Amino acid sequence: MLDRLASLILPRPKKVLLAVLIIALAVGGASMGLTDRLTMGGYENTDTESHETEELLEKEFKQGTPNLSIVVSDPRGVDDPAVTAAGLKLTKGLQDHEHVANVASYWSMDRAPSLKGESGKQALVSGRILGDFDEVNDRVQDLKKEYSGKVEGLDVELGGIALMNFENVDQSAKDAATAETLVFPLVLIVLVVIFGSLVAAALPLAVALATMFLVFGLLYLITFGFDANNLLTNVTTLLGLGLAIDYSLLFITRYREELQRGQETEPAIRATMRQVGRTVIFSAVTLAIACMALMVMPFGMFQSIAIGGAATALMAALATLVIVPALLAWAGPRIDKLRLVRRKPRPVTASHEGGWHRLALFVMRKPVPLVVAVLALMALLGSPVRDLNLRLPDEQILPKSAQSAEVAQTVREDFNNREAQAMQVVAVDIGKTADRTNDIAAYATQLSALPNVARVDALTGSYAGGKEVAPATRFSQQYGTDSATYLSVVPAVDGLSPKGEDIVRDIRDAEAPFPVKVGGHPAISVDTFDVFADNLPIALGIMAIGTYILLFLLTGSLLLPLMAMLLSVLSLSATFGSLVFVFQDGHLQWLVGDFINTGAINWTVPVLVGTLGFGLSMDYAVFILSRVKEEYDRTGDNELAVATGLERVGKVVTYAAIILSLVFIVMLTSGISYMKALGLGVPLAILLDATLIRGILLPASMRLLGTRSWWAPGPMRKLHDRFGISEGGDPVPAAPGASAGGDVTPERTVDRV
């Protein structure tokens, strides 16, 4: 297949490049509307009790979880008659808004103490903006303009979950623009240092741009049958850029190696297509499997990343295997024009004189102490992971200067109020509520006595500490209909913390006089993590089995795939421990930038870091093991194969890791804490894998295993012989002047990549 592809490209490189350019521009132009088709939802599973409760609240009571909070301030005090009149007018204006419901304020709720600030000069207004995720996101922008600053003579500041979601999306867009502005110049500089030539350095970037255009076009088509999350564009842009450069770098490096052996341009490209093409395809499929494993996670956001990541990996491979050979065939020697970095030509020497070869031999001479030292370092880095605490996002993921974060901080400090995190306990078809008032009162009293419950509001009044603290008022009627009722349970602790989640479980475990369902943000958190825990083993199993099968087809060994995956898990454990140390424990903020420390990590971070980190580490494992397998098939010497394979590919893996790390590390400039975590986690996983894992633990492990590294029972060996993937392909005749073994005559000199 790869030979046929080369035969199609090489006779007509300019036509192929023109066709690719036209297709990429056409597809890229057609996908200009992609952003408008993306949703900002997909973080909640709809097949849960909390989601069903949300629907019951809307259907039976026209109520819902509050997503709007407004802090009203006035130096005269909130009980001043003029302030009261203005506050009631402001409240009435919100109540009359067609897209706002369930509006309650300090003044409309009979001066409820929980809605009054400790200073007496601030009051709280809460409500719910109606609509789906995207509609709420649009409507909160108009409300922010209307209810910020001076309103009815009062100082007003709007916040809440709805504004948090909008500011999150807005900040993400700004951060993405900043990252793209930084990453392209940085990557170009590194590529110029690697290749020396501006033309050669621009080649991988051309492949990356084509990849992104093609991926965006494919994703645009997918959005007509699938609701894709807006995070998709950020991930695919960075991943596409990194992978296209990685694959191009591997291809060009091997192409130059073939030139060093005395091949002319066209035979060198054909040899590279046969030898590297399989590696690129295999690597892309491995990463695609890692990404597609997320499809079993029933959250739209993860499924968007799964589709986008898999499509990006496969498209990057396709673009590399079409564009790079065409550009090399068309440019020929001109690829080294506009040379900015000049190196003294050095004679091509045997591989055993290279630095990576010497490192591999050093490691294999002292495998045990080096393995122990690296494992000790990994254990130290990974030790904090035992305290990993995951959390759903709230306003605290944003910069401290974000308006929703400031309002949330004010509410926490000045109101001691967690109304926005209240849990709703809904009971329907209970008969006439008038006949069940005693049951409702007894149940509300029971719930108010649960640990960490501040207050329970019900049709029959308000309760705290196992007793009634306020009788029913006219506002209590909102908690009941002719045949249904609900109770609002306000936590005394952070509702998204483990103690807040315990309240949800206590309510669900408590004996109730009628069937109930529990909703609200803390219940969403509990249900989300329960669904997450149920599906995570399936995703990990798919990832592990798929990767193992592919690595077996590549190596023919039963042990090497297992070893490669265990080494990747080791580097990810160290990465997760480092993330806990920085973003959960709050260390090194001077290095990664300021953020609000919640004592937890956003729950999406380990999933995305784990998926991308594992997939990319397998990417590098494929690069190295494929070349080691090629050398082992040629020589039959395990140690020589490891040393030679690392010498041939080690620098490529190093360069690729540096470039891909730069692509993701620019995310540290983000103002959003979980984006910062991705900006640290993914590069750290990549660099640990490309250095300590592939540079020390892999050769040391293969030295300790010896020829057993390549062991497989007879039936499996026959299976591999029939269906396995061979890296080397057919041998390419040496060009005149080259030795039969493929080494170049001593007189030939080239620049090293």
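Visitor: Which helix gives the most to the lining of the largest cavity?

Guide: Rolling a probe the size of a water molecule over the atoms shows where empty space is left. On a 1 Å grid over the protein atoms alone, a cavity is a set of points where a 1.4 Å probe fits but cannot get out, and lining residues have an atom within 4 Å of a point. Here helix 22 gives the most to the lining of the largest cavity, with three residues. Helix 22 covers 673-705, and strand 14 (601-602) also supplies at least two lining residues. Helices (H or I, at least four residues) and strands (E, at least two) are DSSP runs, numbered from the N terminus. This is a predicted model: local features need pLDDT of at least 70, side-chain atom pairs count only at pLDDT 80 or more, and totals for chains, interfaces and linings use all residues. Residues are numbered from 1 along each chain as its sequence is written, and side-chain values use heavy atoms, with hydrogens and water left out.

Visitor: What volume does the largest cavity have, and which residues lie nearest its centre?

Guide: A volume is the space filled by probe spheres set on the grid points, which are joined across faces, edges and corners. For the largest cavity this is about 150 Å³. Its lining has 16 residues, with I397, T598, A600, N602 and S673 nearest the centre. Ala, Val, Leu, Ile, Met, Phe, Trp, Tyr, Cys and Pro count as nonpolar, Asp, Glu, Lys and Arg as charged, and the others, Gly among them, as polar. On that scheme the lining of the largest cavity has ten nonpolar, four polar and two charged residues.

Visitor: How many cavities of 30 Å³ or more does the whole structure have?

Guide: The search finds five. L250, R254, V276, R627 and V649 lie nearest its centre, among 13 lining residues. Helix 9 (231-260), helix 10 (265-292), helix 20 (604-635) and helix 21 (638-665) each supply at least two of the lining residues, and helix 9 gives the most, with four. By class, this lining has five nonpolar, three polar and five charged residues.

Visitor: What is a pocket, as against a cavity?

Guide: A pocket is an open set of points with protein on both sides within 12 Å along at least five of seven lines. The second largest pocket here holds about 890 Å³ of space. Of its 36 lining residues, M109, R455, D457, Q478 and Y479 are the closest to its centre. The lining divides into 15 nonpolar, 15 polar and six charged residues. Strands that supply at least two lining residues include strand 2 (100-105) and strand 3 (122-129).

Visitor: In what order do the strands of the open sheet of five strands lie?

Guide: Two strands pair if DSSP finds at least two bridges between them. The order in this open sheet is 2-3-1-5-4, with antiparallel pairing. Strand 2 and strand 4 (149-151) are the edge strands, each pairing on one side only. Three bridges join strand 4 to strand 5 (residues 154-159), and G149 has V156 in strand 5 as its bridge partner.

Visitor: Is S578 buried or exposed?

Guide: Buried means under 20% relative accessible area, exposed over 50%, partly exposed in between (1.4 Å probe, protein chains only). S578 has 13%, so S578 is buried. The residue sits in helix 18 (residues 559-584). Contact means heavy atoms within 4.5 Å. Leaving aside neighbours within four places in sequence, S578 is in contact with L381 and L684.
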